[in-house]
Amino acid sequence: MYLTKTDYDRGVNTFSPEGRLFQVEYAIEAIKLGSTAVGIATTQGVVLAVEKRLSSPLLDPSSVDKVAEIDAHIGVAMSGLVADARTLVDHARVEAQNHTFTYAEPIGVEALTQAVCDLALSFGEGSEQEDRKQKMSRPFGVALLIAGWDDLDGPQLYFSDPSGTYVRYKAKAIGAGSEGAQVHLTEDYSPEMTLLEAEEMALKTLKGVMEEKITTENVEMARVTIEGYHVCSGDEVKVVLDRL
């Protein structure tokens, strides 16, 4: 019935004879067109830094959100289709609050990551009667860097992609400039680095792969420490940029 690659990529749940799901592979390719995002984990916390592409000088930079808070101790950076990311972020926030209300404790970082990946895996499924929420008819075209801190394992950084796979990283880059950024992270990362050094390294990595000159308006940075999630203000980002 199916003879060519084009035939096999019409169904989101149809494997090719080589064992490939082309729709998932296309979603992963879509991420490579997104803004570059960098995450670095240290013993003191996790740093997230994301490029913000401003398509027009009339665009308000504050309206472009590339990092989001999930709970007081967890944040995410995104690359790919931002609309898809909002769906995953909203789901993650509900999961985090449900866990807190049920067990009277914050959700673990890995548990939340798994909950997000479970939703990412549910594309193509029909909605059941007891679950009125319509499922996605295609894979989510977004990758997430999930940073958090919990009592079980301290600071953690997870990467999730449209296939529903999640992996823990010490440092990870996603998006259009991910290849060059990942090489830089591999060469310069040290497990003993401080949070301040991680902030400098994150912005230095973005500076090396961004097409535009890096400023406080076209980059967004956040950190997660034992005190919780914090989005850096423009002045805080400027202090780090001045040190580069």
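Colleague: Is Ser178 buried or exposed?

Modeller: Buried, in this predicted model. Its relative accessible area is 16%, and the cut-off for buried is under 20%.

Colleague: Where is Ser178 placed, and what is Ser178 in contact with beyond its neighbours in sequence?

Modeller: Ser178 belongs to helix H5, residues 178-188. Leaving aside neighbours within four places in sequence, Ser178 contacts Thr36 and Ala173.

Colleague: Which other residues of H5 are buried?

Modeller: Besides Ser178, the buried ones are Ala181, His184 and Leu185. They span an arc of only 125° around the axis, so they sit on the same side of H5. Residues three or four places apart on an α-helix point the same way, because a turn takes 3.6 residues.

Colleague: Which residues are exposed on the other side of H5?

Modeller: Glu179, Thr186 and Glu187.

Colleague: And what covers the buried residues of H5?

Modeller: The cover includes strand S1 (37-41), strand S8 (171-174) and helix H6 (195-209).

Colleague: Switching to the sheet. What is the strand order?

Modeller: S3-S4-S5-S6-S7. It is an open sheet of five strands with antiparallel pairing. Strands S3 (67-71) and S7 (166-168) are at the edges. Each has a single partner strand, so one side of each has no neighbour in the sheet.

Colleague: How much are neighbouring strands turned against each other?

Modeller: By 25° on average, direction ignored.

Colleague: Which helix lies across S3?

Modeller: Helix H3, residues 82-103. H3 also lies across S4 (74-80) and S5 (142-150), and runs at about 20° to S3.

Colleague: How many bridges join S6 to S7?

Modeller: Three. S6 covers residues 154-160, and the two strands run antiparallel. Ser160 stands opposite Tyr166 in S7.

Colleague: On to rings. How many aromatic pairs are there?

Modeller: Three. One of them is Tyr158 with Tyr166. Their centres are 5.9 Å apart and their planes are at 65°, so the pair is edge-to-face; the cut-off for that is over 60 degrees. Tyr158 is buried at 4% relative accessible area, while Tyr166 is partly exposed at 25%.

Colleague: What about the rings of Phe159 and Tyr169?

Modeller: That pair is edge-to-face too, with centres 6.2 Å apart and planes at 80°. The pair links distant parts of the chain, ten residues apart. Phe159 is in strand S6, and Tyr169 is in the loop between S7 and S8. Phe159 counts as buried at 15% relative accessibility. Tyr169 is partly exposed at 29%.

Colleague: What lies over the face of Phe159?

Modeller: Lys172, at 4.8 Å from the ring centre.

Key:
Residues numbered from 1 in each chain as written. Predicted model: local features only at pLDDT ≥ 70, side-chain atom pairs only at ≥ 80, totals over all residues. Heavy atoms only, no water. Pairing = 2+ DSSP bridges. Helix = DSSP H or I, 4+ residues; strand = E, 2+ residues; numbered from the N terminus. Axes fitted to C-alpha atoms, helices over the stretch in contact; angles between N-to-C directions. Contact = heavy atoms within 4.5 Å. Buried < 20%, exposed > 50% of the residue type's maximum accessible area, 1.4 Å probe, protein only. Arc of directions from axis to C-beta. Phe/Tyr/Trp six-rings, centres within 6.5 Å; stacked < 30°, edge-to-face > 60°. Lys NZ or Arg CZ within 6 Å of the ring centre and 35° of its normal.
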